[in-house]
Amino acid sequence: MKVKNIPYKNTGYFSSLMRDYLDEKDVLQSFYGRFPSIENFKEQIEEKASTYPSVNRTILFNALTNQYVNVNTSKYTQDNISLLRDDNTFTVVTGHQLNLFTGPLYFLYKIISTINLTKQLKKEYPEYNFVPVYWMATEDHDFEEINYFNFKGKKIQWNIEASGGVGRLNTSGLEQVFNALSNSVGGGVNSDELKSLFEEAYLNNSNLTNATRFLANKLFGAYGLVIVDGDDRKLKTLQIPFVKEDLFSHTAQSKIEETIKNLTSISNDYKIQVNPREINYFYLIDGTRERIIEKEDRYFVNNTSISFSKEEIVIELESFPERFSPNVVARPLFQEVVLPNLCYIGGGGELAYWLELKSYFKSQKISFPIVLLRNSVLLISEKQSEKLQKLNISIEDLFLKQNNLVNKKIREISNIDIDFSEQKKHLRNQFKALYDLAKQTDKSFLGAVAAQEIKQIKGLELLERRMLKAQKRKLKDQVVRMTKIQDELFPNKSLQERSRNFSESYLEYGANLIPLLIEHLKPLNGNFLILEL
């Protein structure tokens with residue numbers, strides 16, 4: 001096995017905001033608390049310990065005990081749930097949607113990054129305990145984002161009419177998805193294990209929350225992962241004061257809009273991920289998750305006939321806290337209120353919106369966690385590695401835009417020189433003499449000389465492009481092989497982890513896949529990982 005790391009900024013796949021964050025640019029330091037280094041966790045532990053109420057631990061423990069009643073749990077996970085009652089226990093958390101059969105590969109990378117960071121923290125701070133947590137986004141209602149997964153270029157999709165929080169969806173109809181998967185994976189030990197895993201998770205559990213919990217527990221229970229469903233009455237009692245504050249004072253909107261203004265003033269390249277609303281909560285009942293909107297001192301549930309006066313909505317909130325569902329702005333605060341958390345691990349888009357939230361957290365007197373970019377990985381099989389060697393394509397070459405990759409390799413393998421850099425340099429030197437001559441005769445000739453220089457340089461560039469195009473036709477076989485291997489490793493011209501499902505890798509590596517990733521993913525490494533397996 002070959003292991004290689006390259007800086008995120010050299011991949012071409014990460015935003016300028018993330019690159020600047022990873023470089024610890026001074027202009028961004030006011031938008032987060034502590035940068036994710038092992039040394040900075042000491043102060044983070046002390047801060048969270050002093051601000052996290054013991055009563056929250058009790059509520060969290062009781063809620064998890066209830067959520068795990070019918071789950072076949074490893075002793076490691078059971079011990080971790082029990083440890084959450086102790087004041088010296090803290091969490092590292094990642095969150096993710098309930099994507100069908102885990103969705104893209106980075107689902108695994110998020111959770112493994114979380115598990116491995118807790119291990120590293122335990123070595124550095126042995127007097128404390130650290131629990132890895134996967135927070136399920138059970139209340140999301142974007143069914144179209146989660147109802148499929150990709151397998152060898154084929155989209156395997158769950159086609160039903162759905163509304164409301166996706167976690168509450170009944171799993172009926174997933175037999176057809178199971179059949180599609182079974183027909184795609186073929187035979188063999190690994191394929192049989194995949195089919196069994198899907199069947200146990202989705203055909204033997206009544207709703208998507210239970211199915212996803214089963215699947216994540218099956219894959220990561222041996223590593224002590226604790227899975228939290230925020231759609232829980234006990235846990236939502238903890239968000240009551242924050243919901244009231246949002247309903248009546250709208251602090252989230254004012255604080256986050258101010259932060260967005262400050263962020264975008266730094267660079268036009270910083271893309272805003274989320275925008276706050278006046279009210280950042282949905283009303284959630286079976287089959288419905290709709291925004292709460294205030295109009296003329298009444299609170300309406302969008303697209304329904306439900307409405308409340310100010311007094312009535314307070315009664316509703318205190319009587320049925322489970323009906324108030326945080327949006328993408330409010331969910332991070334809810335999560336940090338519920339958990340004794342030190343660090344949130346997420347992708348670049350997630351971290352971008354976390355950087356919008358610090359001043360809002362401060363206004364609510366909630367500790368802002370360390371935010372850490374999850375590990376990103378490119379998996380290269382033995383066969384793919386052999387192809388790359390034959391084509392003399394390096395790892396760095398792979399991350400080039402496809403046209404640039406092809407042009408570079410064609411120049412390297414051609415038996416003629418298609419790089420006209422020397423000719424253009426020679427031409428510019430010749431024109432320097434012409435400029436001097438023009439100055440000595442009549443300066444009005446300078447414009448004519450400059451125009452002629454531009455014309456001849458453009459002529460050389462055109463000739464270079466035409467010769468390169470001709471060589472591509474001549475070396476068509478090599479071009480096809482180069483583009484094919486890059487397309488295999490970067491489906492749809494994007495990172496492998498953003499579209500490929502773990503099932504493809506599991507077919508090849510079987511039960512060794514997750515242990516291999518556990519061994520090699522280093523969450524504080526700060527680089528993109530390439531594994532040639």
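Two rings of Phe, Tyr or Trp (its six-membered ring) count as a pair if their centres lie within 6.5 Å; planes under 30 degrees apart are called stacked, over 60 edge-to-face and the rest tilted. With that in hand, look for the cluster that ring pairs build from F101, F149, F178, F198, Y202, F502 and Y506. The model you are viewing is predicted, so local features need pLDDT of at least 70 and side-chain atom pairs count only at pLDDT 80 or more, while totals for chains, interfaces and linings use all residues. Residues are numbered from 1 along each chain as its sequence is written, and side-chain values use heavy atoms, leaving out hydrogens and water.

How many aromatic pairs does the structure hold? There are 29. Take F14 and F528: their ring centres are 6.5 Å apart and their planes stand at 70°, so this pair is edge-to-face. F14 sits in the loop between β1 (2-7) and α1 (16-22), and F528 in strand β15, 514 residues apart. (Helices, H or I with at least four residues, and strands, E with at least two, are DSSP runs numbered from the N terminus.) F14 is buried, with a relative accessible area of 10%, and F528 is buried at 1%; buried means under 20% relative accessible area, exposed over 50% and partly exposed in between, using a 1.4 Å probe and protein chains only.

Now return to the cluster. F101 and F502 form a tilted pair, 5.2 Å centre to centre with 55° between the planes. F101 lies in the loop between β2 and α5, whereas F502 belongs to helix α23, 401 residues apart. Both F101 and F502 are buried.

Helix α23 (residues 502-509) also packs against helix α8 (residues 189-203), at an angle of about 140° and with the axes 8 Å apart. Axes here are lines fitted to C-alpha atoms, for helices over the stretch in contact, and angles run from 0 to 180 degrees between N-to-C directions. The two helices, α8 and α23, are therefore oblique to each other; angles under 35 degrees count as roughly parallel, over 145 as roughly antiparallel, 65 to 115 as roughly perpendicular and the rest as oblique.

Finally, visit T102, in the loop between β2 (89-96) and α5 (106-124). Its phi is near 80°, a positive value in a residue other than glycine. Most residues other than glycine have a negative phi. T102 is buried, at 2% relative accessibility.
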